[in-house]
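Here is a friendly walk through one model, taken a piece at a time. Please keep the sequence and the 3D view open beside you as you read.

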Amino acid sequence: MSLETILFYFFASICAVTSVLVVVRREPVFSALFLVLNFASLAGIYVTLYAQFIAVVQVIVYAGAIMVLFLFVIMLLRPEKEKSIFSGNPTLQKLSIGVGVLVFFQLIYIIIAGTISSGKSVAAEQRIRTGEVEFIGRELITNYLLPFESIAFLLLAATIGALVISKKKFE
Amino acid sequence: MIETYIPLFLVFGFAIIFAAGTVMSSGLFGPQRPNEEKLSTYESGMKPVGTAFERVSIKYYLVAMLFIIFDLEVIFVYPWAVQFISLYTDPAIGTHAFYSMLLFLVVFEIGFLYVYKKGGFKWD
Amino acid sequence: MNLTSTDYLNILPLLLVGAGILISLTVEMYSKKSVGFLSWFSFLLHLLVAYYSLYTVNNVSSVFGGMMGTGGTVNIFYFIFNFGAAIVALLSMDYIKKAEIYFGEYYILLQSAVLGMMLMASATDLVMVFIGLELMSICFYVLAGFQRKNVRSNEASLKYFLLGSFTTGFIVYGMALIYGASGSLNIQSIFSMLSAESTPILFYVGTLLFIIGFCFKIAAFPFHMWVPDVYQGAPTSVTAMMSTIGKAAAFSALLLIMLPLIGSKNPQTFTPLFTVLSAASMIFGSIVALAQTDIKRMLAYSSIAHAGYMLIGLAAANDTGASGIVFYLAAYAFMNLGAFGIVSLIEGNGDTEGTIESYAGLSDRNPLLAGLLALFMFTLSGLPPFAGFFGKYYVFIASLEAGNVWIAVLGALSSAISAYFYLRIIVVMYFRKSDVASDNIITESHTSLLGIVISAILVIMMGLTPGSIVRLINSF
């Protein structure tokens, strides 16, 4: 067993356990904290897949910024009633289990069939290069210039929207 | 290769061991003479009443929301900054590398200025 | 990567709208009384871009290394979005005072939404589809909740946001599966790769998820739950925009996936799916609309039915169907903009509901508005000689060409049902005396009236010369 495999199973098991804990905890704050751990282990998995930049982004944006907002929302709302959302609605429960099972089998199919990108697999050297921050920087300025500039406008619209919706005294 | 990350993982491992060790060692080695006052919840001298999970008004949630957006901006600037010299010296790209980021930042900074002017960073 | 001057001319519509957003934002932050300026600025900007896109409709090219295309159908979509947005700007000028949302941000978000739609319509890469969709959707979420003190508006915004984000999840998952199956995000290379070898099943699953996601956005039947509440709760001018050019933008993305299929060896792959969706949407929308007492809810259900008619064109999967959809989208956009424009004038400010009963005796109180609303109701119901009739005509013809007779029959049947509730409004306006609604004061607004009249003229013109418009669309 190579180091990568060991690391993968290490992070994947943390990821699986914390995902379950996020769903079954009664107190939303605990769920949120397990989600932080889940995001961190996902970052580890990204590293084993040679997506180093994505791993860093995962830690900075998701485990950092977005989780802070999650906690803020939980503290603002205190969703006490939501604890009973499933017990009061068995149809919803069955539906969500059904969707989960569907996605699970679809992923199992991808793993077993294993022919997703047949003939499109790239050499290990290139795979490592693709995840590096230098490669991403170059792609952003050349091939992905239009998406890059469009994202500036997307974030601008989000900034205005955040202010319009949630500023207390807006004029 | 993944081996280059071994030092990083080692640091993580030591961090976890150190944190867990410090917390546990105080319970293990410290003197323990509990009484009723010591065991009660510490609430700055107030009597702890009711649930701890009250609704809290977080005044700066707007700042937190804006922080995420600006955080994302930095994510896009970072790979560009790392690669800038090699992009700039590449004859096929040249000053183009500078101006594309300038456009991105101008769009963004106008948004920043807008939030500032509208008082989005004020406490209200 | 270097753009030539021709490329810059071809992407000028995008550059103009982008620059417009930045200028508007700068004006908004330095001036306290910017709204009046921004409304006229948006109107003129979108009118200019609409004119320019139609003027350069023949400049078909691919720019940004295959990220987006210009010219042809793309420019026709640019025209629909920008002309629609110009009319929305006219309709909003007095309405946003009445609705107490007199803020410059309204117009900035309107421009941003149009930019998102334009990016989506011109995309030839799934990344661009996603970014355009998000830009449009974020602006709509905010615009729907713009009346911050109004509970219904808040509900509309939240509902639209939650379901919309969930839907975006579907779309992104679908894109991921398509990428996994084909190894590319560029639409052309996806389809060229797939025609070479046997298509993996994952591609179909991915495309299915993609289609389901966009069926939320176009408000087709099983994914319509958000439509009535959002259309009713959002400010009427925003509803006018979401239901017309927002729908057109979502359809442009669906066409993006379906157009390469038309030329492939198996064009009717998704025909059964679209047939079922379209039949369900038509019948459901028409029948539930019969029971509505609120005019905005009625128009919302009629919007579901219209999505069904347009889906007939996708089910046909031929060139007639594709051009029929584009024609239908343009016709639907202008007739619905006009109808919502009139609704925005008549509805009371505050909590007064826009019930159909409040239209009683409108022909006495304001004959001009009554006549225009009658025109829009006629064309929405698909009576000849207006644009709505030809829209339906072309998609029905396309489905007959594809040998799909019964869906065309079903469409005609559903049109007959829908005629009842459209014509009911005309009956209420002309043959019922106003008793309850005498206190309902109609807003005086010259700009709104101008917007409504422009829509009416376009609807009539499209009804008079449908052939030449369809030939223009078909020539690309």
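(A residue is buried if 20 or more other C-beta atoms lie within 10 Å of its own, exposed if 12 or fewer, and partly exposed in between, with C-beta atoms placed from the backbone.)

To find C:Asn366, go to the loop between α15 (362-365) and α16 (367-380) of chain C. From there, look across to C:Ile442: 76 residues separate C:Asn366 and C:Ile442 along the chain, yet their C-alpha atoms are 8.5 Å apart.

Residues are numbered from 1 along each chain as its sequence is written, while chains are lettered from A and ligands numbered from 1 in the order in which they are written.

The pLDDT is the predictor's confidence in each residue, from 0 to 100. Chain A has a mean pLDDT of 82, with 86% of its residues at 70 or more. For chain C the average is 87, and 95% of the residues score at least 70. Within chain A, the element with the lowest mean pLDDT (71) is helix α5 (residues 124-130), and the one with the highest (91) is helix α7 (residues 145-166). Where pLDDT is low, the predicted coordinates should not be read in detail. For the complex, the predictor gives an ipTM of 0.91 and a pTM of 0.91.

## Chain A: helices throughout the pattern

Chain A holds seven helices and zero strands, giving the pattern α-α-α-α-α-α-α along the sequence. (Helices are DSSP runs of H or I of at least four residues and strands are runs of E of at least two, numbered from the N terminus.) Of the 171 residues in chain A, 26% are buried. Among its contacts between residues at least 6 apart in sequence, 54% join residues at least 24 apart; two residues are in contact if their C-beta atoms, placed from the backbone, lie within 7 Å.

Now look at helix α1 (residues 3-24) and helix α2 (residues 28-48) of chain A, whose axes come within 8 Å and cross at roughly 160 degrees. That makes α1(A) roughly antiparallel to α2(A). (Axes are lines fitted to C-alpha atoms, for helices over the stretch in contact, and angles run from 0 to 180 degrees between N-to-C directions; under 35 degrees counts as roughly parallel, over 145 as roughly antiparallel, 65 to 115 as roughly perpendicular and the rest as oblique.) The crossing of α1(A) and α2(A) is left-handed, meaning that the near helix is turned anticlockwise from the far one by less than a right angle, with clockwise being right-handed. Residues that meet here include A:Phe8 and A:Phe11 in α1(A) and A:Phe34 and A:Leu35 in α2(A). By class, this contact has 13 nonpolar, seven polar and one charged residues. (Ala, Val, Leu, Ile, Met, Phe, Trp, Tyr, Cys and Pro count as nonpolar, Asp, Glu, Lys and Arg as charged, and the others, Gly among them, as polar.)

## Two helix pairs in chain C

Helix α17 (residues 387-401) and helix α18 (residues 405-431) of chain C pack at about 155 degrees with axes 7 Å apart, and they are therefore roughly antiparallel. Their crossing is left-handed. Among the residues that meet are C:Phe396 in α17(C) and C:Gly411 in α18(C). The contact contains five nonpolar, three polar and one charged residues.

The axes of helix α11 (residues 236-263) and helix α13 (residues 295-316) of chain C come within 12 Å and cross at roughly 15 degrees. That makes α11(C) roughly parallel to α13(C), and the crossing is right-handed. The contact includes C:Phe251 of α11(C) and C:Met310 of α13(C), and its residues divide into six nonpolar, four polar and two charged.

## Where chain B meets its partners

Chain B puts 39 residues in contact with 42 residues of chain A. On the chain B side, α3 (61-89) and α4 (96-117) each supply at least two residues, and α3(B) gives the largest share, 19 residues. This side divides into 29 nonpolar, four polar and six charged residues.

Chain B also touches chain C, with six residues of chain B in contact with four of chain C. Here the chain B side has four nonpolar, no polar and two charged residues.

Technical notes. Predicted model: local features only at pLDDT ≥ 70, side-chain atom pairs only at ≥ 80, totals over all residues.
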